[in-house]
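Please read them beside the coordinates.

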Amino acid sequence: MTDHLGLDTDSASAPSHSTSGSVLVTGIAELVTNDPSLEGPLGIVRDAALVVEDDRVAWVGRAADAPAADRTFDLVGRCVVPGFVDSHSHLVFAGDRSAEFAARMTGEPYDGGGIAVSVEATRAASDDELRGLLTHRVAEMRSQGSTTIEIKSGYGLNVDDEARALRLARELTTETTFLGAHVVPPEARGDRSAYVDLVVGDMLTACAPHARWIDVFCEPNSPYAFTEDESRRVLRAGLDAGLEARVHGNQLGPGPGVRLAVELGAASVDHCTYLSDDDIDALAGSETVATLLPGVEFSTRSPYPDARRLLDADVKVALASDCNPGTCYSSSIPLAIALAVREMGMTPAEALQAATLGSARSLRRDDVGHLAPGARADLTVLDAPSYLHIPYRVGVPIARALDL
């Protein structure tokens, strides 16, 4: 089955390529490579082509100079960008929280408590039910141009259900994150320390084999999330178990999340809505990426992060969806890009690079987020002649991962 782009819609859920032989992708009006040796910060090539071989980019240049290949795929004047890298998502869940969204739109504030609704529904779902929901959500992401996806646990909050979530997520991505420290579940709120003991003990032991990352919701402004000391303990335990660190931080108000992420060498601190000058300085002097999630602010009526302030301080910035059932049930990186441009002070070029190369850096990946020779051939094609159409045509489904 093909769509109006002439692309294969049935392969949207495929997590990887299966290209055999070499493929010349030509007819590209504008190719964004993120290769700094080419034109501008996005490394743009016009009237372009590229050759894919063994699922890798083998050659990039002008179509007139393209070498021969086993097959040719003509995009007839469309734009190609690196596949979006969605470095923050919560896709393993069951249940519905649309009523919570409606309540927020009428003024009810978000404090993290609604996660318990998703926990109850997720625990009650079967493996097959969760697998089906997860597969559908990943397909939805690919249908909007995302080709690398990080998936967190965090809606099980007990040993068996957290391990199950990661095991299912690992079937679709290598970027899996143990988030047993999402919130303290209702049954444990009478003894927070015992729950932290569980997270760093039996739960971590069961989950570490299925995870690459460990994360924590470090948010003293929520009674359900974790303090600085609790968060440090969780992250150190994960690091000692061989996982790499990520942090939810500074979402609901000023807090220690950024400072803790930099202290422990976390790859990314995500949200970054409320930042002090010291937070900015700490990020600028570190390798920790500030991952911004504007879909959350859109869905919670919260202030947007000041991306311009971060960029002007030379902080490394990423954009991701934070697709989740409570605060942002959107899997659309194009929407995140449009919001970053409209509400957060980013240029279209900065927003696109943050959603590709920036998010790849937040996952410590050098094989995705760009289209230089040697990179994974993760291509996103736009039904438009330029990347500028991503924020320009907000809400219009012009982006799709290209399966060759």
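**Notes on the model**

1. Gly-242 follows helix H6 and has a positive phi, near 95 degrees. Helices (H or I, at least four residues) and strands (E, at least two) are DSSP runs, numbered from the N terminus.

2. On provenance: this is a predicted model, in which local features need pLDDT of at least 70 and side-chain atom pairs count only at pLDDT 80 or more, while totals for chains, interfaces and linings use all residues. Residues are numbered from 1 along each chain as its sequence is written, and side-chain values use heavy atoms, with hydrogens and water left out.

3. Helix H6 covers residues 228-240, and its 13 residues should span 18 Å at 1.5 Å a residue; the end C-alpha atoms are 18 Å apart, which agrees. The expected span is 1.5 Å times one less than the number of residues. Buried residues of H6 are Glu-230, Ser-231, Arg-232, Val-234, Leu-235, Ala-237 and Gly-238. Here buried means under 20% relative accessible area, exposed over 50%, and partly exposed in between (1.4 Å probe, protein chains only). The elements packed against these buried residues are strands S8 (176-181), S9 (213-218) and S10 (244-249), with helices H5 (192-207) and H7 (257-263).

4. How many aromatic pairs does the structure hold? There are 3. Rings of Phe, Tyr and Trp (its six-membered ring) pair if their centres lie within 6.5 Å; planes under 30 degrees apart count as stacked, over 60 as edge-to-face and the rest as tilted. One of the pairs is Phe-93 with Tyr-155, edge-to-face at 6.1 Å centre to centre with 70 degrees between the planes. Phe-93 lies in the loop between strand S5 (84-86) and helix H1 (98-105), and Tyr-155 in the loop between strand S7 (151-152) and helix H4 (159-170), so the pair ties together parts that are 62 residues apart in sequence. Both Phe-93 and Tyr-155 are buried.

5. Tyr-195 and Phe-226 form a stacked pair, because their ring centres are 6.5 Å apart and their planes are at 25 degrees. Tyr-195 belongs to helix H5 and Phe-226 to the loop between S9 and H6, so this pair ties together parts 31 residues apart in sequence. Tyr-195 counts as buried at 3% relative accessibility, and Phe-226 does at 1%.

6. Phe-93 and Tyr-155 also belong, with Tyr-329, to one aromatic cluster. Over the ring of Phe-93 sits the charged end of Arg-137, 3.6 Å from the ring centre. The criterion is NZ of Lys or CZ of Arg within 6 Å of the ring centre and within 35 degrees of the ring normal. Arg-246 lies over the face of Trp-213, at 4.5 Å from the ring centre.

7. Thr-380 is part of strand S14 (residues 379-382) and counts as buried at 0% relative accessibility. The side chain of Thr-380 reaches the backbone oxygen of Gly-145 at 2.6 Å.

How values were computed:
Polar contact = N/O pair within 3.5 Å; in protein donor to acceptor, adjacent residues only side chain to side chain. Contact = heavy atoms within 4.5 Å.
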